[in-house]
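Hi there,

Here is the structure I promised to pass on. Have a look at it first, and my notes follow below.

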Amino acid sequence: MSIEPFEVPSIPSDRFELLKQKLRNAEYPNELEKDVGWKYGAPRWAVEPLVQEWLNNYDWEKARAEMNRWHHYRVPIQGLNIHFIHEPSSNPDAVALLLLNGWPSNFYEFHKIIEPLRDGVHSGQPFHVVVPSIPGYGFSEAPKLPGHGVQKNGEILSELMGTLGYNQYMIAGSDWGSMIGKWIAQNRKAQCKGFHTVLPMVVPPIPSLSNLWNHPIKVLKFLASLGLGFDAVYGRGSTKIKGKSFADVQNDREAGYRAIQGTRPYTLAFGLSDSPVALLAWILEKFHNWTFHPAERQDTEALPETITTDEFLTQVTIYWLTNTMSSSTRLYYEAFNEPAMGVMFFNRVEIPMAVANFPGELNKFPREWLEAGSDLQQFSEFELVNISFISNVLPVLTNSVQGGHFPALETSELLVDDIQRFGKLLKAKKFIQ
């Protein structure tokens, strides 16, 4: 198995000219005369200025120079060429760390945290940082056969860590990275020694035999919450759950994209692959809806102040350059039809787990659910109020902060600190030798 150096390329001149031509000649859709904000999706007033910025001012070579500061490689694993960044720390006390992103981002989501994590900024835990492109994302080759879902990605990315010689490591994941990370945490326990996530996925403490024996009080509280409501039982704002299934659009308006990507990704991909404007708009809707905005600016700004236009356009350009929007959305179809997903959700995470909750994240579960479904060692809540306390049983951090689904971009320093604290805990408690 040969690991080859890789460099983020320039945009070929013919493809660059095609991009400019399509942006310059964009045909915008008809809209209502009344401004309805974001209720119907990404509005023209938000999309068009970003298209103009992409056309006239965005500098891919500047972004490329930043990305090529890191060491990039490609390696064949299970028939696919996998791209990854590998930034080893010079500190002998460093811990191997696998950083996993989700959709609709790519490895560049972590551009602010790679070096601070590698270097152990502020005397924190240093890491040997590995950031792969998930198969079908960024510069990794797209899956060629049906059935390539969360489990297959978990197999490939855990094999990558072994190929690099890391027999013990921890994972930090967001979005699909959290799903893939959970699969690895459950199925590669001999190597994966810690799992940090900003989007935990657990089932409540239902009255199973195991829960009745190990967590009887948690089961009773959950049953009570079904009648009294989550806020009454677990505390106001402790739970954020939208929809009752993977694509429950009637109860969760944010689930519409999951419905189409989970059932007909091919049809959608024609528009997103051919039109850079459609591609930008499709991604922008999520970068707007899934990030934190002050209430007074929620409907009037496209991106939050925590994510720059260049950061957003670099993500979009990577999708355009690699033509991977089609393959990235297929992961929804595969996961929607993947038996391993149900098993993963119901099974407990037995290795140490850390959860960081940010106020703009899509879901939030009561801490008791997380404790029942995992070996929860660290729990951090980043809220909109200045309340701080520390439990004498389990450390809990509560801070005033703005952040959502992309904390590596929105609140990078807080995320770095949280990952470092978990890495240090794993070392101190000798979960990682």
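A salt bridge here means a side-chain nitrogen of Lys or Arg within 4 Å of a carboxyl oxygen of Asp or Glu. Glu7, Glu61 and Arg64 are linked in a network of such bridges, and the whole structure has 23 salt bridges.

Before the rest, some housekeeping. This is a predicted model, in which local features need pLDDT of at least 70 and side-chain atom pairs count only at pLDDT 80 or more, while totals for chains, interfaces and linings use all residues. Residues are numbered from 1 along each chain as its sequence is written, and side-chain values use heavy atoms, with hydrogens and water left out.

Helices (H or I, at least four residues) and strands (E, at least two) are DSSP runs numbered from the N terminus. Buried is under 20% relative accessible area, exposed is over 50%, and partly exposed lies in between (1.4 Å probe, protein chains only).

Back to the salt bridges. Within helix H2 (residues 44-56), Arg44 and Glu48 sit four residues apart, about one turn of the helix. Their closest N and O atoms are 2.9 Å apart. Arg44 is partly exposed at 34% relative accessibility, and Glu48 is partly exposed at 25%.

Glu371 and Lys218 also form a salt bridge, with 3.7 Å between the closest N and O atoms. This pair links distant parts of the chain, Glu371 being in helix H16 (residues 367-373) and Lys218 in helix H8, 153 residues apart. Glu371 is partly exposed at 24%, whereas Lys218 is buried at 18%.

Now for strand E6 (residues 169-173), where five of the five residues are buried. Tyr169, Ile171 and Gly173 point one way from E6, and Met170 and Ala172 the other. Two strands pair if DSSP finds at least two bridges between them. Met170 stands opposite Leu97 and has Gly194 in E7 as a bridge partner.

Which residues of helix H11 (residues 265-274) are buried? They are Pro265, Leu268, Ala269 and Leu272. Seen down the axis of H11, these fall within an arc of 105 degrees (taken from the directions from the helix axis to the C-beta atoms), so they line one face of the helix. The face turned away from that buried side carries the exposed residues Tyr266, Thr267 and Phe270.

Enjoy exploring!
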